[in-house]
Structures are given as structure tokens and as C-alpha cells.
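I am opening my notebook on a structure that is new to me, and you are welcome to read along. My plan is to look up a few things and jot down what I find.

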Amino acid sequence: MKKTKIQFISAALVGLLLLAFVPMAHAQKSAFVDTQYILKNIPEYTDAQDVLNSLSKKWQQEITLKHNEVSEMYKKYQAEAVLLPADVKKKREDEIVKKDNEVKALQKQYFGPGGELFKKREELIKPIQEKVYNAIETIATTENISFVFDKAGSPTLLYGNPKYDISDAVLDELGKVMQTNSSGSR
């Protein structure tokens, strides 16, 4: 009886030890990337940013010119308002308000949510971001990585050991993908 009790306790201890080590065997690997670093090293992304900056600058200049026109109209109105009859004053005020609303509408058309700049960014940047995501996914799958954090935009990553930074591997993977795509074959 004493022998079976000792065997039972021994078996239980071995079982507990095994349970203690099983989670270690199934530990999940994680890594991190710096998407800002990755994107800065993709010429296609830099070119897209240049296009977006150029459009933004052009549209901002157009809006600034129109704002200046409204300001000039208002200054002229203020200078002449004392001498104008009520009906002419009202007409000029309406013209100024109409012109100001047109400028605001143009600004919204270019820079508002769903505006021209947003659409152009979606057209130029989103495909690049998808390629980066796919490269990260490929590396994570190949390397059996469960979680990949982005240290560029995530304030939750307080420390990252550089040996787990797979940003360069993502750039290498992107290079392979872009070479394959530019040669016309997959």
C-alpha cells in the first residue's frame, strides 16, 4: 500500500512538472518592425509621397489665392461700406459670403475626409502598405512568429531587443516581391 502511494505521488509530481513545462514548449514568438523605416527605404513609397506633397502644395496655393481674393473683396467692401446704399451693401455682403463658401467647399473637396488628397493617398499608398503587410505576414508565418508589433506607431512597445527587429527582413522580402512583380512573373 505504501509503495502504491509513493508511486501515485511520484506520478502526480511528474505530471505537475510536465504541466509546468508544457507552456514553455508552446511559448509564442513575437517580433517587431519599424514601418516608418521600412517605408522610407521603399523608393515607390518615397515617389508616392513626393506626388502627394506636390499635389497638396499646388492645391494649398490655389486655396490661399482664393482666400486672398475674399480678403481683398472684404477690405474693399469695408472701405466703401459707409457710402453704399443698403441694397448694394447687402449684395456685396452676399457676394463675399458666397465666395468664402466656395473657397471652403474647394478646401473640403481637396483636403476633407474622402477628398481628392485622401483618394490619391489611397490610390498610391495603400498598395504599398498591403505589400509591406504581406511581407510581414510571410516572414511571420515562415519564422513561426505569433505577434509582430510596429514600434513606429505603437506606444505599447516600450522596449524591443534589436535581435527581434525584422524590419530588414521585411525589406528583403519586399525586394523579392517587387523584383518578381517587375519581371512580369510570379
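**Entry: a tyrosine and its partner**

I looked up Y77 and found it buried, with a relative accessible area of 9%; buried means under 20% relative accessible area, exposed over 50% and partly exposed in between, with a 1.4 Å probe and protein chains only. The rings of Y77 and Y74 have centres 6.4 Å apart and planes at 35°, so I note the pair as tilted. For my own reference, rings of Phe, Tyr and Trp (its six-membered ring) pair if their centres lie within 6.5 Å, and planes under 30 degrees apart count as stacked, over 60 as edge-to-face and the rest as tilted. Y74 counts as partly exposed, at 41% relative accessibility. Y74 and Y77 are three residues apart in helix α3, separated by about one helical turn. An α-helix has 3.6 residues a turn, so residues three or four places apart point the same way.

**Entry: how to read this model**

This is a predicted model, where local features need pLDDT of at least 70 and side-chain atom pairs count only at pLDDT 80 or more, while totals for chains, interfaces and linings use all residues. Residues are numbered from 1 along each chain as its sequence is written, and side-chain values use heavy atoms, with hydrogens and water left out.

**Entry: the whole chain**

I counted through the secondary structure next: six helices and two strands. Helices (H or I, at least four residues) and strands (E, at least two) are DSSP runs, numbered from the N terminus. In sequence order the pattern reads α-β-α-α-α-α-β-α. The chain has 186 residues, and 22% of them are buried. I also checked contacts (heavy atoms within 4.5 Å): among those between residues at least 6 apart in sequence, 80% join residues at least 24 apart. The chain exposes about 13800 Å², with carbon and sulfur atoms supplying 58% of it; these areas come from the Shrake-Rupley method with a 1.4 Å probe, and for residues only the protein chains shown count as cover.

**Entry: helix α3**

Does the length of α3 fit its residue count, or what span should I expect? At 1.5 Å a residue, the 38 residues of α3 (residues 43–80) should span 56 Å, and the end C-alpha atoms are 55 Å apart, which agrees. The expected span is 1.5 Å times one less than the number of residues. Buried in α3 are Y45, A48, L52, L55, W59, I63, V70 and Y77. Their cover includes α2 (35–40), α4 (86–111) and α5 (116–142).

**Entry: helix α4**

I ran the length check on α4 too: its 26 residues should span 38 Å, and the end C-alpha atoms lie 37 Å apart, which agrees. R92, I96, D100, V103, L106 and Y110 are its buried residues. The cover over them includes α3 and α5.

**Entry: aromatic rings**

How many aromatic pairs are there? I get four. One of them is W59 with F111, edge-to-face at 6.4 Å centre to centre and 75° between the planes. W59 lies in helix α3 and F111 in helix α4, so this pair ties together parts that are 52 residues apart in sequence. W59 is buried, with a relative accessible area of 9%, while F111 is partly exposed at 29%. W59, F111 and Y110 form one aromatic cluster.

**Entry: salt bridges**

A search of the whole structure gave me eight salt bridges, each a side-chain nitrogen of Lys or Arg within 4 Å of a carboxyl oxygen of Asp or Glu. E69 and K99 make one of them, at 3.2 Å from N to O. E69 sits in helix α3 and K99 in helix α4, so the pair ties together parts that are 30 residues apart in sequence. E69 is partly exposed, with a relative accessible area of 37%.

K75 and E72 meet in another, at 3.9 Å from N to O. They are three residues apart in helix α3, about one helical turn.

D94 and K90 also pair, at 3.1 Å from N to O. These two are four residues apart in helix α4, again about one helical turn. D94 is partly exposed at 39%, and K90 is partly exposed at 48%.

**Entry: a glutamate in α6**

Is E173 buried or exposed? E173, which has its place in helix α6 (residues 167–182), counts as buried at 17% relative accessibility. Leaving aside neighbours within four places in sequence, E173 is in contact with A135, T138 and I139.
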